[in-house]
Structure formats: structure tokens, C-alpha cells
Amino acid sequence: RTSLVPGWFPSIPTRSQIQTLKLDELKDACGERGVRKTGNKSDLQQRLLTWSTEQHSRRVLERNALHTVNGDPLHDSITNDIRTDEYTSDTDTIRDTYNDENDHYDQAQIDPLI
């Protein structure tokens, strides 16, 4: 039998996406993800939401693990901050640039009155 899950339905759905499905679609979506597919619509929605939340959390943890050197994301985010001084000879000005994976700014772009 062909799956009743709509083609637009993502592999890890959001709450609102889960809530749009009809009972038969929910059963198929649960079955495709290895989630128990018995019960009423509310039960299936809750199980699928729990599964989606777990999958999302797992992905975030895996992504964070890829961006750490010693296994401590906070320590690594501090030690991975890179400070570079860029000298421009034609104007003899010093420009400080700060980089980390979440933030990038040029000191010359910051209003000194703030």
C-alpha cells in the first residue's frame, strides 16, 4: 500500500505540521519513523512530536560535538575566538577584527558613543 503521508511533510516535522495531518496520515508518518501507530489522533500527535523533539535534540548535540575540540563547547568557543590586527599601510590605521562562529564585527563599525 502507498503511504498516505503528504509529500511536503518533512522527515522531522514541527508541531504545527503534525497537527495538520489526518489520523491515517499520522499512522503512516509514525510507522515510517518507527513510532507506535496505535491509539487516537491525539496520542499519535504526541508520540510523533516527542519523536521529532528527540531527533532535533540529537541533531543539535551531534552538531555541537562537531564544533568542539576538547568536548567542552563553552571552553572551545572562548579559545576559538580569533583576534586579528589588520594594518593598512596607505592610511596607517589599525583595524581590529574579531571573529568567532557566532559573531563577526569590525571595531571601526562600532559607534564609540554606545
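Predicted model: local features only at pLDDT ≥ 70, side-chain atom pairs only at ≥ 80, totals over all residues.

Student: In what order do the elements run from the N terminus?
Tutor: Helices (H or I, at least four residues) and strands (E, at least two) are DSSP runs, numbered from the N terminus. The protein has four helices and three strands. Their order is α-α-α-α-β-β-β.

Student: What percentage of the residues count as buried?
Tutor: Buried means under 20% relative accessible area, exposed means over 50%, and partly exposed is in between (1.4 Å probe, protein chains only). Of the protein's 114 residues, the buried share is 23%.

Student: Which aromatic pair turns up, and how is it arranged?
Tutor: Rings of Phe, Tyr and Trp (its six-membered ring) pair if their centres lie within 6.5 Å; planes under 30 degrees apart count as stacked, over 60 as edge-to-face and the rest as tilted. Searching the whole structure gives one aromatic pair. Tryptophan 8 and phenylalanine 9 form it, with 5.7 Å centre to centre and 70° between the planes, which makes it edge-to-face.

Student: Is tryptophan 8 buried or exposed? And phenylalanine 9?
Tutor: Tryptophan 8 has 51% relative accessibility, so it counts as exposed. Phenylalanine 9 has 7%, so this residue counts as buried.

Student: At what angle do α2 and α3 cross?
Tutor: Axes are lines fitted to C-alpha atoms, for helices over the stretch in contact, and angles run from 0 to 180 degrees between N-to-C directions. The axes of α2 (residues 23–32) and α3 (residues 41–66) come within 10 Å, and they cross at roughly 35°.

Student: Which residues of α3 does α2 meet?
Tutor: Contact means heavy atoms within 4.5 Å. From α2, the residues involved are Leu23, Leu26, Lys27, Ala29 and Cys30, and on the α3 side they meet Lys41, Leu44, Gln45 and Leu48.

Student: What do the buried residues of α2 pack against?
Tutor: In α2, the buried ones are Glu25, Leu26, Asp28, Ala29 and Cys30. They pack against α1 (15–19) and α3.

Student: Which residues does isoleucine 12 touch beyond four places away in sequence?
Tutor: Isoleucine 12 lies in the segment before α1. Its C-alpha atom is 7.1 Å from that of glutamine 55, 43 residues apart along the chain. The residues touched by isoleucine 12 are Trp51, Ser52, Gln55 and Arg59.

How values were computed:
Residues numbered from 1 in each chain as written. Heavy atoms only, no water.
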